[in-house]
Amino acid sequence: MIVIKGLCKRFGTKIVLDGADLEIPAGKTTVVIGGSGTGKSVLLKCILGLLKPEAGSILIEGEDVTKMDERELVSVRRKFGMLFQGAALFDSMTVGDNVAFALRRLRLYPEKQILDLVEEKLAMVGLRNVSHLMPAELSGGMKKRVGLARAIAAEPEILLYDEPTTGLDPIMADVINDLIVALRESLGVTGIAITHDMASAYKIADRIAMLYKGKIISVGTPDEIRHSDSPIVSQFVEGRAKGPITAEHEDFVRFVRRQGEPNGPEAN
Ligand SMILES: Nc1ncnc2c1ncn2[C@@H]1O[C@H](COP(=O)(O)OP(=O)(O)O)[C@@H](O)[C@H]1O
Ligand SMILES: [Mg+2]
């Protein structure tokens, strides 16, 4: 469905993506894991054509989005539904208007049908009788579910999830995970999620890819990633403070520890 090759993106002198390769199969959910600030959101923005990479290609059903002009990008973006980090609902619009947003903009259906579709999509995420509410009246978990209903409203082929469980308590996070799995099963959509929440990654992923220092260093099934023999992957998925990822921070940790010792750096 999507083939990413040699993707490079930098900001000034800071290299974020440094030759990333990734294939995203149709009808499955691919989860990209990686530490904060490793470029996961940048990768999603490149896929949507919101950021232009310096090198590499992103083929979506054979068409390279990195070579498209704004008009072509608008039509490619119609294939996508997006659940933004923090849901990003329009605060001044009701829940119903939020979910209807893409449908009205695309003018795909008459208004009466849009109202029915809004209720149908809200029901798919387990919400009823909420379309008159304002986002401020919703809990964090409900906002995410409304965000999901909005993402699927125009029946996209590909769903992008940016940190779908971040900021939710573990139970609400699991409700969202279950919904993501259910949507893949019932709609057959291709999913791409980025997260650093391994519980979520294991639950929703058909395949997990790890982004590290600008490259995809490992791709596999959740089981393969869980038992990876790469020291970098295993440090990340097990959430250990000590290991190759943090080796460069260890001098700092040693320095902080020594602060508490009688002959620590402060004493000199
Ligand atoms: N528009 C931008 N301009 C400059 N730097 C950016 C921009 N977007 C992201 N970055 C930098 O790129 C790096 C990766 O960011 P991001 O993709 O948001 O990380 P994450 O993996 O946490 O989603 C960060 O160091 C961030 O500061
Ligand atoms: Mg991010």
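**Close-up views of the predicted model**

**Figure 1. Contact between domain 1 and domain 2.** In this predicted model, eight residues of domain 2 are in contact with 11 residues of domain 1. Helix α6 (residues 170–187) supplies the largest share of the domain 1 side, namely six residues. By residue class, the side of domain 1 that touches domain 2 comprises 10 nonpolar residues, one polar residue and no charged residue. Domain 1 is made up of two segments, 2–79 and 156–263, whereas domain 2 covers 87–153. A distance of 27 Å separates the C-alpha centres of the two domains.

**Figure 2. The largest nonpolar core.** This core has 63 residues, and Leu43 and Ala149 are the members that touch the most others. The core lies between domain 1 (2–79 + 156–263) and domain 2 (87–153), because both domains give residues to it. Leaving aside residues up to four places away in sequence, Leu43 touches Leu17, Ala20, Val32 and Leu211. As general background, nonpolar side chains in soluble globular proteins tend to be buried together.

**Figure 3. The shell around ligand 1.** Ten residues are shown by name around ligand 1: Phe11, Val16, Gly34, Ser36, Gly37, Thr38, Gly39, Lys40, Ser41 and Val42. Which helix gives the most to this shell? Helix α1 (residues 40–47) does, with three residues. The shell is divided into six polar residues, three nonpolar residues and one charged residue.

**Figure 4. The loop at Lys213.** Lys213 is located in the loop that joins β9 (207–212) to β10 (215–220). Lys213 counts as partly exposed because 14 C-beta neighbours lie inside 10 Å, and a residue must have 20 or more to be buried. Although 197 residues separate Lys213 from Val16 in sequence, their C-alpha atoms are 7.3 Å apart in space. Val16 is also one of the residues around ligand 1.

**Figure 5. The open four-stranded sheet.** The strands of this sheet follow the order β2-β1-β4-β5 and pair in the antiparallel sense. Its edges are formed by β2 (14–24) and β5 (63–64), each of which pairs on one side only. Two bridges join strand β4 (residues 55–60) to β5 in an antiparallel pairing. Leu59 has Asp64, in β5, as its bridge partner. In general, the strands of a sheet pair through backbone hydrogen bonds, in either a parallel or an antiparallel manner.

Figure 6. His227 belongs to the loop between α8 (222–226) and α9 (231–238). Is His227 buried or exposed? His227 is exposed, because 12 other C-beta atoms lie within 10 Å and a count of 12 or fewer places a residue in that class. Val237 is 10 residues away from His227 along the chain, and their C-alpha atoms are separated by 9.3 Å.

**Figure 7. The whole chain, for orientation.** The chain contains 10 helices and 10 strands. Its C-alpha atoms fill a box of roughly 75 × 40 × 35 Å along the principal axes. Buried residues make up 34% of the 268 residues of the chain. Among contacts with a separation of 6 or more, 63% are between residues 24 or more positions apart.

Key. Residues numbered from 1 in each chain as written. Chains lettered and ligands numbered in written order. Predicted model: local features only at pLDDT ≥ 70, side-chain atom pairs only at ≥ 80, totals over all residues. Near = placed C-beta within 6 Å. Nonpolar A, V, L, I, M, F, W, Y, C, P; charged D, E, K, R; others polar. Domains from an automatic or database assignment. Contact = placed C-beta atoms within 7 Å. Core = buried A, V, L, I, M, F, W, Y, C linked by C-beta atoms within 7 Å. Pairing = 2+ DSSP bridges.
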